[in-house]
Amino acid sequence: MKCDCCGKRKCWLEAFEDIENKDETLHVCVKCSTLLYKIRYASKNGDIKEYDSSIASMKKRMLKASSGFKEWFKNNKALAKK
Ligand SMILES: [Zn+2]
């Protein structure tokens, strides 16, 4: 199994987060999952500085992202800038 965001292969005992996206399940590693949480939190709180820096880190991680993940990320209102 690989992370749908950064493309990192799952290590033994490592917990990946499952994200339901329409008819598929996306798998996200701990680092990417933590970053998604930060983006969601910054978006919710209107913390523009934190939001922008987290998005910049996310874009770097997403270079090998699956098309399903990119689509989910783009359409996720909780991750959008408020
Ligand atoms: Zn990842």
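The paragraphs below lead through this structure from its overall make-up to single residues. The structure is a predicted model, in which local features need pLDDT of at least 70 and side-chain atom pairs count only at pLDDT 80 or more, while totals for chains, interfaces and linings use all residues. Residues are numbered from 1 along each chain as its sequence is written.

The protein has three helices and two strands, where helices (H or I, at least four residues) and strands (E, at least two) are DSSP runs, numbered from the N terminus. Along the sequence these elements come in the pattern β-β-α-α-α. The radius of gyration is 12 Å, close to the 12 Å that the globule rule gives for 82 residues, so the protein is as compact as a globular protein of that length; this radius is taken over C-alpha atoms, and the rule is 2.2 Å times the number of residues to the power 0.38. Taken along the principal axes, the C-alpha atoms fill a box of roughly 35 × 25 × 20 Å. Buried residues make up 22% of the 82 residues, a residue being buried if 20 or more other C-beta atoms lie within 10 Å of its own, exposed if 12 or fewer, and partly exposed in between, with C-beta atoms placed from the backbone.

The strands β1 (residues 17–21) and β2 run antiparallel and are joined by five bridges, and two strands are said to pair if DSSP finds at least two bridges between them. Two residues lie between the strands of this hairpin, in which K22 takes a positive phi near 50 degrees. Within β1, I19 stands opposite L26 in β2. I19 counts as partly exposed because it has 19 C-beta neighbours inside 10 Å. Leaving aside its neighbours within four places in sequence, I19 is in contact with T25, L26, V28 and W72, a contact meaning that the C-beta atoms of two residues, placed from the backbone, lie within 7 Å.

Helix α1 (residues 30–45) has 16 residues and reaches 22 Å from its first C-alpha to its last, close to the 22 Å expected at 1.5 Å a residue; that expected span is 1.5 Å times one less than the number of residues. In α1, C32, L35, L36, I39, A42 and S43 are buried. These residues cover an arc of only 130 degrees around the axis, which puts them on the same side of α1, the arc being that of the directions from the helix axis to the C-beta atoms. On the other side of α1, Y37, K44 and N45 are exposed. The buried residues of α1 pack against β2 (24–28) and α2 (48–61). After α1 comes G46, whose phi is positive, near 65 degrees.

The largest nonpolar core has 15 residues, of which C3, C5, V28, C32, L36, I39 and F69 touch the most other members. Such a core is a set of buried Ala, Val, Leu, Ile, Met, Phe, Trp, Tyr and Cys residues joined through C-beta atoms within 7 Å. The elements that give two or more residues to this core are β2, α1 and α3 (67–75), and α1 gives the most, with five residues.

In helix α2, R61 counts as partly exposed because it has 18 C-beta neighbours inside 10 Å. Apart from its neighbours within four places in sequence, R61 is in contact with C5, C6, C32 and L35.
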